[in-house]
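Work through these exercises with the model open. Each task is followed by its solution.

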Amino acid sequence: PAWGRFSVKFYLTAILFIVFDIEVVFLYPWAILFRKLGLFGFVEMTIFMAILTLGLAYVWRKGALEWD
């Protein structure tokens, strides 16, 4: 049938992929303008990366990255 059931793991993997693709989209312009942004830009990107790292640690701890 055309309407098959998919595991939730597929959806979680897709959402994680999209989140980290968006991270790259934000990192690229920041890397290009790094010298112009100065310390303020560095602090803002450090906060952004810390939030994403906390999210990754949470997902990892919950076992969403396990593929059984």
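Helices (H or I, at least four residues) are DSSP runs, numbered from the N terminus. The model is predicted: local features need pLDDT of at least 70, side-chain atom pairs count only at pLDDT 80 or more, and totals for chains, interfaces and linings use all residues. Residues are numbered from 1 along each chain as its sequence is written, and side-chain values use heavy atoms, with hydrogens and water left out.

**Exercise 1.** Describe the aromatic pair of F26 and F48.

Solution. Rings of Phe, Tyr and Trp (its six-membered ring) pair if their centres lie within 6.5 Å; planes under 30 degrees apart count as stacked, over 60 as edge-to-face and the rest as tilted. The structure holds two such pairs. In one, F26 and F48 sit 5.7 Å centre to centre, with 70° between the planes: edge-to-face. This pair links distant parts of the chain, as F26 is in helix α1 (residues 8-32) and F48 in helix α2, 22 residues apart. F26, at 49% relative accessibility, counts as partly exposed. F48 is also partly exposed, at 25%.

**Exercise 2.** Classify the pair of W30 and F34.

Solution. The centres are 5.2 Å apart. The planes of W30 and F34 make 75°, and the pair is edge-to-face.

Notes:
Helix = DSSP H or I, 4+ residues; strand = E, 2+ residues; numbered from the N terminus. Buried < 20%, exposed > 50% of the residue type's maximum accessible area, 1.4 Å probe, protein only.
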